[in-house]
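Dear colleague,

Please find the structure below, handed over for your own work. My notes on its pocket, sheets and helix contacts follow.

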Amino acid sequence: MMKSRIFYLYKITFFIIIMSITNITKADVNISSYETKNGIKVLFSKSDNIPMIDIKITFDAGSNRDGDTKGLSMLTHSLLDEGTSVRKSEEIASIFESNGSIFNTSVNKDRSSISLRSLTQAKYLNPSLKMFLEILSDSSFPNNEVNLQKKRTISTIIEDQSDPSEIASNLFFKEIYGDHPYSHPSIGYADSVKKISRKNIKDFYDKNINAKNASIAIVSSLSKKEVIAIAEKISKSLDKSKKKVITKQTKTISKKEKYIFKNFNSEQAHIYIGLVSIRRGSENHLPLYVGNYIFGGSGFSARLMQELRVKRGLTYGVYSYVYPLREEGPFLIGIETKADQAQKSVKLIQEMLAEFIKKGPTDDELKHAKNSIINGFPLRIDSNSDILNYLSMINYYDLSKDYLKTFTSEISKITKKDIMNAFKKEINVNSLVTLVVGNAKAKK
Amino acid sequence: MNRFLKKNITNFLVGVNVFVLLTLFLTPYSRAEVMEKTLDNGLHIILKKDTRAPVVTSHIWYKIGSADEISGKTGLSHALEHMMFKGTKKYPGGVFSQAISKLGGKENAFTSKDYTAYYQTLPSQYLEEALKFESDRMNNLVISKSDFLKEIEVIKEERRLRTDDQPEGIAYEQLYASAYNNSSYHDPIIGWMEDLNSMTEVDISNWYKNWYAPNNATVVIVGDINFEKTMKLVKKYYGSKKKVKIEDRIIRDEPPQFGKKEVSIQIQGKPSYIIMGYKVPSLNSKDVDPSDCYALSVLSGILSSGQNSRLQKILVREKKVASYADSGYSMFSRNDPLFLIDINPIVGEKTDKIRRELEKIIEDLKKNLVKQSELDRIKAQVLATEVYQRDSIDYQARILGMLKTSIGDISVIEEYTKNINKVTAKQVREVAKKYLVFKSKTIVTVNDEK
């Protein structure tokens with residue numbers, strides 16, 4: 001539970017690297033696939049140099065499965081290591097910590113994951129793995145732990161209500177997604193978390209954290225045989241429910257142009273501009289990715305950064321991203337600036353976006369972006385943790401292996417026309433939601 | 001649920017949070033993995049091989065940070081870091097960044113109290129490009145008034161984002177400003193807004209000329225490299241740089257403190273928060289017994305590393321008064337640092353009550369010996385982290401650059417694990433008694449409730 005420390009180092013900029021391209025592999029990242037006896041897909045990559053293992057189990061159990069109990073997925077995941085039928089929270093933590101292992105969970109809108117990092121020496125790995133399996137099969141969600149975790153969660157949610165960037169982000173997603181399950185923050189709302197019962201949590205765990213709903217990614221120096229043995233053990237631990245997961249209903253998202261101002265007493269205004277755009281697997285994904293890279297997705301080189309920061313000194317950070325999900329994901333532009341510069345920035349960004357959609361990138365920009373993405377390919381897979389995340393995404397989104405191998409050539413084929421068509425189709429300037437959170441000076 | 005993760009999903013990554021806490025855990029290396037050399041002009045070079053991927057990270061570290069600044073001119077080191085991206089005669093504004101981007105590389109820079117560093121991470125066959133540009137801006141930077149006037153506005157936006165609109169940022173700034181009377185750790189890295197308002201391009205230019213020189217810098221390169229070839233390349237680009245006379249650094253020794261200092265900040269509508277610091281030694285301190293520093297590191301681990309650490313266990317789980325609690329200590333600071341503890345109360349909990357509980361935790365550490373299981377936990381984590389860190393070339397480069405720049409020597413890594421493992425329960429109690437005392441304590445609360 002480490003909290004973000006904001007203070008220690010001042011960086012020249014923070015780059016927003018949202019990896020919306022997941023379909024990446026490389027000739028010399030060897031990937032083996034395997035299916036466990038009860039049908040869990042396993043992707044494995046061998047990495048010889050470091051005596052460690054990373055295991056990540058991915059579930060189709062993100063916050064879009066919260067239903068009316070918003071925050072349920074995240075609360076359930078945060079409680080997984082807080083007790084089993086034979087062990088208390090302290091003992092679980094002590095087993096991981098005294099063996100130098102790291103247990104972690106994460107939840108986003110689509111997916112959730114449960115992961116373990118351990119040394120491969122048997123004396124550390126065996127007890128850690130045993131504990132990990134026990135959590136998968138037998139988390140018990142003791143009442144006192146449920147209450148404590150709810151209390152901490154609610155406290156964090158209330159704290160966030162005094163943070164303008166949290167307010168802006170939550171409002172923006174609520175606005176673009178309406179009553180769609182992507183609308184709410186994964187942590188939930190104070191009143192929804194309050195209502196979550198132990199039974200809700202236990203039901204969520206039984207229905208979602210099981211073999212029918214899982215895939216496994218492993219990166220390790222262990223042999224394939226050893227990895228398969230581990231995968232089978234995991235698979236067995238998850239084989240506890242015959243229930244089929246019910247696929248949720250897709251709700252339609254209305255796309256209407258809108259301007260929203262929310263008054264908040266801060267020096268800077270926090271601004272989001274965007275809309276709901278494409279889903280994963282869309283034929284427009286790569287053209288949008290490359291176009292967005294040029295427009296606002298590549299740090300200093302991007303148009304937004306050049307125009308608003310470098311040329312005008314309006315902000316420390318401005319960016320855009322496309323984030324395809326299983327269902328339609330957002331395209332958004334974000335910036336923070338001194339309140340009295342908010343409207344000027346909004347106008348400039350809107351004009352720039354309209355211009356980009358109308359005229360597309362220049363030939364030079366396109367060439368530069370393709371070079372950058374293609375040359376930078378090895379950097380995306382230069383660590384075990386990077387590779388692990390890719391394996392997990394490839395599994396979850398069922399990406400075609402052949403398509404992956406040809407990623408760089410797919411990028412190289414993208415034309416200016418592809419980008420213009422994709423932007424025209426997927427980012428309609430007449431449907432943009434613009435949100436400004438700031439003091440009175442930031443208002444129109 | 002993890003606050004850190006959550007923040008990073010919705011906002012953007014701010015700062016490098018793991019750095020300070022992980023100073024507990026360094027990765028040892030075998031002699032064969034690392035090559036070191038100092039050129040005639042004083043430039044120090046550290047190379048480390050990691051051939052897992054065809055990637056390299058190239059850093060340059062300057063021994064200049066906010067700790068070298070003086071009153072009225074705070075924020076110069078950080079502002080200069082920003083101006084370093086404005087181009088040279090040979091490679092004007094943006095050429096460097098564009099080139100790195102085109103090669104698929106990432107670049108960034110950061111400033112701390114003790115140092116300023118720049119890096120590029122890119123496919124290893126392009127290392128020479130990074131060196132070509134980075135060496136050029138060591139002494140050929142063009143600092144124009146028009147660029148400065150725009151960039152200083154960017155820096156003010158950065159200050160608003162990280163400090164002025166962030167109660168925790170304000171509290172952190174106030175903690176250092178209150179704890180230190182004379183030490184330059186008194187001033188914030190980004191500088192006071194008042195100083196940013198009066199700063200000029202001439203100030204920056206002088207700062208640049210004073211401190212940016214081969215004899216005040218360390219080049220660190222980690223990745224898929226060949227030692228000989230890489231050393232040749234570094235010499236090619238840096239070998240002809242002239243040594244510059246580096247001004248004597250102004251020593252601002254901290255006078256004794258006479259009692260506890262307390263600051264109470266009121267910011268309407270914000271949650272309460274507690275941050276405190278004890279003045280403690282680093283490996284650089286005069287007459288310090290290094291084993292005290294190792295014991296303080298272990299003490300910080302006992303307090304905050306893992307779910308069973310004291311702060312977690314007592315404040316978060318048993319007393320249920322805090323939603324987060326943390327501590328931090330860096331034994332590698334150039335000046336005497338603060339041993340930090342910070343706490344986010346559960347909304348509605350009285351800060352007074354939390355402070356009393358915290359006081360009990362500290363007093364217990366002074367009176368009773370920590371358990372063997374607690375020491376074992378720290379040791380296991382040190383051992384594992386050594387291995388896990390090898391997964392990031394950038395992190396490896398940071399450790400090397402930081403050590404060389406802050407304490408002048410990277411060999412401390414070799415004995416590091418041994419020294420941590422040597423720490424006994426008695427020593428932990430001794431350093432708690434010696435340093436976590438009334439007369440070295442400063443505490444800042446935001447919206448305290450009694």
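How many nonpolar, polar and charged residues are in the lining of the largest pocket? By class, that lining has eleven nonpolar, eight polar and twelve charged residues, where Ala, Val, Leu, Ile, Met, Phe, Trp, Tyr, Cys and Pro count as nonpolar, Asp, Glu, Lys and Arg as charged, and the others, Gly among them, as polar.

The model is predicted, so local features need pLDDT of at least 70 and side-chain atom pairs count only at pLDDT 80 or more, while totals for chains, interfaces and linings use all residues. Residues are numbered from 1 along each chain as its sequence is written, chains are lettered from A and ligands numbered from 1 in the order in which they are written, and side-chain values use heavy atoms, with hydrogens and water left out.

The pocket

The largest pocket holds about 850 Å³ of space. Of its 31 lining residues, Asp253(B), Glu254(B), Ser285(B), Asn335(B) and Asp336(B) are the closest to the centre. A pocket here is an open set of points on a 1 Å grid over the protein atoms alone, where a 1.4 Å probe fits, with protein on both sides within 12 Å along at least five of seven lines; lining residues have an atom within 4 Å of a point. The volume is the space filled by probe spheres set on the points, which are joined across faces, edges and corners.

The sheet of chain B

Five strands of chain B form an open sheet with mixed pairing, in the order S7-S11-S8-S10-S9. Strands (E, at least two residues) and helices (H or I, at least four) are DSSP runs, numbered from the N terminus, and two strands pair if DSSP finds at least two bridges between them. Strand S7 (261–265) and strand S9 (322–328) of chain B are at the edges with a single partner strand each, so one side of each has no neighbour in the sheet. From one strand to the next, the twist averages 10 degrees. S8 (residues 273–279) and S10 (residues 338–345) of chain B pair in the antiparallel sense over six bridges, and Ile274(B) has Ile343(B) in S10(B) as its bridge partner. Helix H13 (residues 351–367) of chain B packs on this sheet, touching S7, S8, S10 and S11 (441–446); contact means heavy atoms within 4.5 Å. The direction of H13 makes about 140 degrees with that of S10(B), angles running from 0 to 180 degrees between N-to-C directions, with axes as lines fitted to C-alpha atoms, for helices over the stretch in contact.

The sheet of chain A

In chain A, an open sheet of five strands has the order S8-S12-S9-S11-S10, again with mixed pairing. Its edge strands are S8 (258–263) and S10 (318–322), each of which pairs on one side only. Here the twist averages 15 degrees from one strand to the next. S9 (residues 268–276) and S12 (residues 433–438) of chain A pair in the antiparallel sense over five bridges, with Gly274(A) opposite Val433(A) in S12(A). Helix H9 (residues 285–297) of chain A packs on the sheet, touching S10 and S11 of chain A.

A helix contact

Helices H11 (residues 290–304) and H14 (residues 372–388) of chain B pack at about 105 degrees, with their axes 10 Å apart. H11(B) is therefore roughly perpendicular to H14(B), a term that covers 65 to 115 degrees.

With kind regards

Conventions:
Angles under 35 degrees count as roughly parallel, over 145 as roughly antiparallel, 65 to 115 as roughly perpendicular and the rest as oblique.
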